[in-house]
Structures are given as C-alpha cells and as structure tokens.
Amino acid sequence: MSTSPALALPFDETRRRSGFLSTLLSSDLPRSRVLSVILLAILLLLAATPFLFSGSQPVGTAAKICVFIVLVASYDLLLGYSGIVSFAHTMFFGIGGYGIAIALERMGPSWGSAAIGLVAALALSAVLAIAIGLLSLRVRAIFFSMITLAVASAAAVLASQLSNITGGEDGLSFQLPPSLRPAFRLLSEPIFGTVINGRLIAYYLVFFVSLLVFLALLRIVNSPFGRVLQAIRENEFRAEALGYRVVAYRTAASVISALAATIAGALMALWLRYNGPDTTLSFSIMVDILLMVVIGGMGTMYGAVIGAALFVLAQSYLQVLMGAGSAALAGLPILPNIIHPDRWLLWLGALFIVSVYAFPGGIVGRLRQARQ
Amino acid sequence: MSDMAAESSAPTELPRAKTDWLPLFLVPALALLALPFVGSPSTWVTLTLAGLAMGMMIFLMASGLTLVFGLMDIINFGHGVFISLGAYATLIVLGPLAGWAQADSIGLNLALLGLCILCAMAVTGVVGAVFERVIVRPVYGSHLKQILVTMGGLIVTEQAIHAIWGASPIPIPLPQSLRGAFVFGDVVMERYRVVAVVIGLAVFLGMQLLLNRTRLGLLIRAGVENPEMVEALGYRIRRLFVSVFIAGSALAGLGGVMWAFYRQTLTAGMGMEVMVLVFIVIIIGGLGSVGGCFVGSILVALVANYVGFIEPKLALISNILVMALVLIWRPQGLFPVARR
C-alpha cells in the first residue's frame with residue numbers, strides 16, 4: 001500500500017521544540033504560514049461565533065463544524081494514519097448519539113444520566129470495534145472495509161427497527177439537563193449584547209470538548225504509538241518484521257477512533273436535543289466524512305479541521321450560490337440540472353476524485369508543499 | 001536437458017485440481033436443517049424456491065465484482081452504481097416500447113425483457129470502460145486509493161443519474177405475463193422468480209464454461225495466478241483487464257435490470273443498498289471466486305428467507321451472522337483464491 005510523498009511525513013526529532021504551544025500541539029505544528037493563519041481564523045471564529053453573529057443558524061453551523069472536526073479527525077486516525085478504510089464510523093457516531101438520547105429520555109434530564117449514557121455508549125463502541133477488528137483485520141485490510149460496511153448497514157437497520165428503544169425512524173427528542181436549557185441564565189446581564197444562557201453554555205461545552213478531543217488525537221498520532229501506525233501504513237511486512245503486532249496496533253487504532261467518534265455523536269445529540277437515524281447513522285454522513293478527510297488532507301489532523309469547516313460551510317452556503325447559477329442558466333438543456341442546488345455533491349465528488357489523484361495530501365498537504 | 005526430456009516423455013496425465021466439495025454440501029445441509037423449524041413441507045418448498053431465485057439475482061449482481069477482483073485485484077466500491085445505472089437504462093427501452101409490456105403475449109414480454117437487458121449491458125459496459133480508464137486505471141495496485149476513488153466515482157455517477165433522470169423514484173411495471181405466480185398444490189412460485197433462476201443459471205454456466213473451457217478463460221485464470229508471466233508470454237494483459245472490467249460492469253447492469261423489475265421502482269441509491277449483500281456474498285464465497293460467489297449468494301438468500309419466516313426480528317442481522325460463522329470456519333471465504 002504505497003502512499004505519495006506528500007502523505008508521508010518523516011518524523012524529525014529536531015522539530016521537537018519546547019514551549020507551551022508546541023507542547024499543546026504535540027510538536028506537530030502547522031508548518032505553513034497560510035495554514036497557521038487559516039487554522040487560527042477557524043479557531044477564533046468558532047470560539048467567538050455566539051458573540052459575533054446573531055440568530056441560531058450561525059451558532060448551529062459552528063457547533064456542527066466542531067462536532068465534525070472531532071468525527072473527521074478520528075476517522076483520519078484510521079484512514080490517514082493507519083491506512084485502513086472503515087465504513088462503520090457513523091455506527092460509532094450513532095452509538096454516541098443514541099447513548100445520550102436514550103439515557104436522557106429514560107432516566108430524566110440530569111448530568112448523571114448523561115454520564116451513564118456516555119459511558120455505556122463508549123463501552124459498547126469499544127466492544128464492537130474490538131470484535132470487528134479481530135474478526136476482519138486478521139485477514140486483509142480490504143475485508144475490513146467490506147465488513148464494516150455490512151455491519152454499519154445492519155446497525156442502521158437495527159436502529160430503525162427497534163423502535164421501542166431507539167424511536168425508530170422518528171428518532172428520540174429529549175430534554176437537556178436544566179443548566180443547558182435556553183431558559184437558564186448564568187449571568188443576569190448580557191455580555192457584548194449576548195445573553196449568557198444555557199444554549200450558550202451548551203455551545204461552549206461542544207466547543208471545548210471538541211478542542212480537547214482534537215488535541216488528544218493530535219497527541220496520539222504524534223506519540224510512538226502513532227509512529228508505529230504510520231510504519232504499518234507504509235509497509236506492513238516491515239513493521240511486522242520489526243516486531244510490532246500489526247493486528248493489535250490496527251485494532252487499537254480502530255478502538256480509539258471509535259471512542260472519539262462516540263464522543264462526537266454524544267456532542268451532536270446534546271447540541272441538537274435529538275438523535276435519529278438520519279442525523280448520525282445514515283450512509284450519506286459516511287460519504288460526507290470521506291469527502292472531508294480527503295479534501296482536507298489525509299494523514300494530517302489539521303486536514304480534518306479544514307475539511308470539516310469547508311464542507312459544512314459548503315453544505316450550508318454553496319447551495320445558495322448554485323441555485324443562483326442554475327437560475328441564470330435556465331432554458332439550456334442539461335446544464336441547469338448539473339448545477340442545480342441539489343447536485344452540489346456531484347461537484348464535491350469530482351473534487352474528491354481530483355484530490356485523491358492530484359494532491360493526496362489534500363489542502364493541508366498542498367499548503368505545506370507550497371512552503372517548501 | 002535430459003531431465004526435461006524425461007519429464008516430457010512421462011505420462012501426459014496432469015494432476016487435476018481437487019474439487020473442494022465441503023462448501024457445496026452446505027446449501028442442501030442448510031435447507032434440510034431448516035425443514036423441521038419451518039414445519040410444513042409446502043411452505044418449506046416455497047421458501048426454498050424463493051430463496052434460490054433471490055440468490056440468483058444476488059449472484060448476477062455480485063459476479064462481476066468478484067470477477068474483476070479476482071483478475072485485476074481491483075476492489076470496486078462503485079460497483080453498486082452500475083447496478084443502478086443498468087436499472088435506469090431499462091427506461092431507454094421501456095419508454096418507446098411501453099406497449100410491449102402491456103401486451104398479453106409471453107413472447108413480446110420476454111423480448112422486451114431481453115431488449116432491456118441488452119440495452120442495460122451496453123450502457124453499463126460503455127460507462128464501465130470509461131470508469132476503468134478515468135477512475136480506476138491510475139490507482140492499480142493500491143487498495144486504499146481504489147476504495148477512495150471508486151467511492152468518488154460512485155458519488156459522481158449517482159449524482160449524474162439524478163441529473164439525467166431526476167431525483168424522485170420511478171415506478172416500472174413488470175411485463176404482463178411475468179406477473180403473478182405458479183401454484184402447484186400449496187407450493188407457490190412467482191413467475192418472475194422462475195425467469196430470474198433461468199437467467200442466473202445461464203449466466204453461471206456460461207461463466208463456468210468460458211472460464212474453464214475456452215482459451216480466453218485460460219488466459220483469465222492464468223492472469224489471476226500470475227499476470228507478469230502471462231504478459232511475458234506475449235499476451236496483452238492490459239486488454240484482458242479492460243475487457244474483464246467491461247464484462248463485470250455489464251453483468252452488474254444485467255443484475256440491475258433483474259433487481260429493478262423485482263423491486264418495480266427505480267432509485268439511484270438502489271445499487272448501493274444491495275451492495276451490502278453483494279459484499280457479504282463475495283466475502284463468504286472467497287474474494288475472486290465465481291463458484292464461491294454462486295454458493296454464497298444462495299446461502300445468504302436461503303438463510304434470509306428461513307430466518308425471516310422463523311424469527312423475523314433476527315432476519316435483519318442473519319446475513320452478518322452467516323458471514324461471521326463462515327469467516328470463523330474459513331477466514332478467506334468458502335473457496336479461497338490463490339493469491340499472488
């Protein structure tokens with residue numbers, strides 16, 4: 001399984017610098033001025049969204065970006081760093097969502113039940129990830145892709161059929177703990193014209209948990225464990241010959257990735273106050289994740305940030321642009337159909353194919369190359 | 001030299017490959033095992049026949065994928081879109097010839113089905129050739145990139161289907177004389193399923209004959225074992241690759257037509273929905289094995305039917321269970337293909 005030079009980032013001991021920022025980012029700095037500026041802009045915008053924009057749509061988009069950054073980064077641990085393609089990532093995302101949703105709906109809206117739901121979801125995800133890994137990673141990595149696809153579709157069917165537990169196709173709506181509800185006021189006075197209510201706290205909960213999980217993932221891929229994963233990706237036999245147990249490492253990677261996806265699912269459910277098959281389990285979300293990882297840049301955690309931000313923004317705003325274009329071309333034979341707002345995936349799909357061929361390092365790889 | 005001469009003068013009887021019978025007994029064994037659980041024999045016969053027909057349709061859709069994987073070591077996650085494309089291609093024929101479907105003549109109805117199949121195979125064959133050239137060829141040898149890039153091809157082609165034929169589901173009626181069922185006593189067999197069994201068996205036998213009795217088949221099998229050697233002997237392996245890919249896509253188109261008439265609605269996602277079953281089947285059969293794919297299809301369809309009758313809740317995950325059991329027994333599938 002050969003990867004291009006843009007993907008392979010040889011570990012350079014001289015890069016290990018001291019300093020707060022370097023420690024925080026596990027010595028894996030953006031290494032490109034443009035990239036640093038973009039990442040900083042995304043971080044600041046996400047941190048300040050509730051104060052910068054009014055209305056619920058921008059905050060909703062920002063929360064979605066946060067959740068997807070975690071989801072995509074955890075997927076990148078598998079795809080970019082370990083070189084295995086899983087289609088069951090949405091299953092773990094869904095387990096997280098359903099863990100929170102079922103616990104809060106059944107046991108009442110308290111922090112205790114949310115914690116129980118999250119822990120139960122994490123445990124279930126870990127067990128499933130180990131089972132799938134041991135069953136399929138033993139043989140060939142390609143089995144893993146097909147088996148995860150089958151298992152994920154079975155999970156989606158189960159979730160929509162076991163309606164007395166999961167709410168079926170309708171999903172579950174639930175109440176949040178009181179301190180996260182819009183009616184809750186932390187401070188009586190608004191700050192910068194923004195009311196400090198439970199919704200705002202919920203947003204910052206999503207934001208900070210996402211940030212923490214992202215930094216933890218960054219730490220993991222830059223640890224010796226992460227190096228072994230990359231070694232296995234580059235040359236499985238050589239890694240095995242060096243004495244690393246390939247199956248154990250790959251299974252561990254898929255468990256870590258599954259746990260992070262579960263947390264992302266829990267955050268998604270907490271933010272939406274709802275979980276259903278379409279928000280966390282559907283195959284189209286899996287396709288979205290693939291697009292985000294590859295366009296942002298495989299094998300770089302920062303690619304997840306760029307990919308998720310770009311994709312969620314495109315999802316929300318590109319369609320408007322395409323609608324205008326389509327209207328302008330009305331009357332021509334097939335052209336208006338091709339740039340119809342509903343066809344936005346066509347263009348992202350084409351971009352995806354071009355990415356895999358032309359710049360396998362995605363946007364991040366491109367920016368880093370430009371600097372050299 | 002004398003060694004070689006001695007060898008060539010030895011009896012020309014070549015050692016024959018031993019046939020692995022064990023997986024073949026799995027199907028009748030499973031059917032007999034299910035009999036006491038189902039209870040009534042007539043229900044059992046109905047379920048078994050329906051399962052066989054279903055298995056044939058799955059086989060039609062899966063055979064192309066496993067063939068392509070066997071020869072080219074290419075895993076095409078976009079295979080599902082060829083199933084959808086084949087299904088939509090029937091509209092090209094059904095549009096002008098709608099009268100044939102209504103006609104109460106079995107000849108005209110079957111001719112219509114045949115035309116649909118031809119048209120679908122032509123369309124998917126051509127698109128397959130383009131797909132191979134544009135999407136797959138640059139990533140020979142890297143499974144990871146193949147999976148990614150064929151997923152990209154899937155997205156784009158699926159969206160293109162939406163752009164050409166619209167995004168809403170399209171109903172397609174089954175030709176008049178293929179509706180309804182044959183009834184013998186308590187045993188019921190839908191007519192369309194009989195057609196599916198006939199076509200499925202014909203394709204399976206045709207593939208077996210082609211692979212085992214012709215020069216082309218010999219080359220393909222040799223290509224599976226060792227492509228460099230085939231190339232060194234002066235055959236254009238690249239041309240062989242392309243034609244197998246086109247054949248695989250056309251088979252997906254054929255499967256798509258059969259599947260479309262069975263479901264009687266067209267959606268662009270229909271291929272991807274059934275891909276899950278297809279993957280399970282080719283994993284069970286052993287990646288690259290046409291015979292294994294055939295046995296696997298029937299196995300999966302029969303289990304789904306029996307379990308669906310005995311314990312409907314369990315039917316949803318019965319496929320996964322079958323796959324897990326088979327993989328525990330034989331981690332490379334029922335008929336492991338020798339890998340280079």
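Mentor: Let's start with burial: a residue is buried if 20 or more other C-beta atoms, placed from the backbone, lie within 10 Å of its own, exposed if 12 or fewer, and partly exposed in between. Keep in mind that this is a predicted model, where local features need pLDDT of at least 70, side-chain atom pairs count only at pLDDT 80 or more, and totals for chains, interfaces and linings use all residues. Residues are numbered from 1 along each chain as its sequence is written, while chains are lettered from A and ligands numbered from 1 in the order in which they are written.

Trainee: Okay, let me try it out. Is Ala53(B) buried or exposed?

Mentor: With 25 other C-beta atoms within 10 Å, Ala53(B) is buried. You'll find Ala53(B) in helix α3 of chain B; helices (H or I, at least four residues) and strands (E, at least two) are DSSP runs numbered from the N terminus.

Trainee: And which residues does Ala53(B) touch?

Mentor: A contact means that two C-beta atoms, placed from the backbone, lie within 7 Å. Leaving out residues up to four places away in sequence, Ala53(B) touches Arg193(B), Ala196(B) and Val197(B). Also, the C-alpha atoms of Ala53(B) and Leu201(B) sit 9.8 Å apart, although 148 residues separate them along the chain.

Trainee: How do I check the length of α8(B)?

Mentor: Take 1.5 Å times one less than the number of residues as the expected span. Helix α8 of chain B (residues 191–213) has 23 residues, and its first C-alpha to its last covers 32 Å, close to the expected 33 Å.

Trainee: Which residues of α8(B) are buried, and what do they pack against?

Mentor: The buried ones are Tyr192(B), Arg193(B), Val195(B), Ala196(B), Ile199(B), Gly200(B), Val203(B) and Met207(B). They pack against α3 (41–72), β3 (187–190), α11 (237–263) and α13 (290–310) of chain B. For reading such lists, remember that an α-helix has 3.6 residues a turn, so residues three or four places apart point the same way. Over in chain A, helix α9 (residues 224–234) has Gly226(A), Val228(A), Leu229(A), Gln230(A), Ile232(A) and Arg233(A) buried, and these pack against α3, α8 (198–221), α10 (236–241) and α11 of chain A.

Trainee: On to helix pairs. At what angle do α5(A) and α11(A) cross?

Mentor: Axes are lines fitted to C-alpha atoms, for helices over the stretch in contact, and angles run from 0 to 180 degrees between N-to-C directions. The axes of α5(A) (residues 111–136) and α11(A) (residues 246–272) come within 9 Å and cross at roughly 150°.

Trainee: What about α3(A) with α13(A)?

Mentor: Helix α13 of chain A (residues 283–296) packs on α3(A) at about 75°, axes 9 Å apart, so the two are roughly perpendicular. The α13(A) side is Ile289(A), Met292(A) and Val293(A), and the α3(A) side includes Phe68(A), Val72(A) and Asp76(A).

Trainee: How many residues of chain B contact chain A?

Mentor: There are 33, in contact with 36 residues of chain A. Helices α7 (143–165), α12 (270–285) and α14 (312–329) of chain B each supply at least two residues of that side, with the largest share, 15 residues, from α7(B). The side divides into 24 nonpolar, 8 polar and 1 charged.

Trainee: Last one: where is Gln264(B), with its positive phi?

Mentor: Gln264(B), whose phi is about 65° although it's not a glycine, lies in the loop between α11 and β4 (265–266) of chain B. Gln264(B) is exposed, with 12 other C-beta atoms within 10 Å. In chain A, Arg273(A) has phi near 55° and sits in the loop between α11 and β2 (274–275); its 18 C-beta neighbours inside 10 Å make Arg273(A) partly exposed.

Terms used. Ala, Val, Leu, Ile, Met, Phe, Trp, Tyr, Cys and Pro count as nonpolar, Asp, Glu, Lys and Arg as charged, and the others, Gly among them, as polar. Angles under 35 degrees count as roughly parallel, over 145 as roughly antiparallel, 65 to 115 as roughly perpendicular and the rest as oblique.
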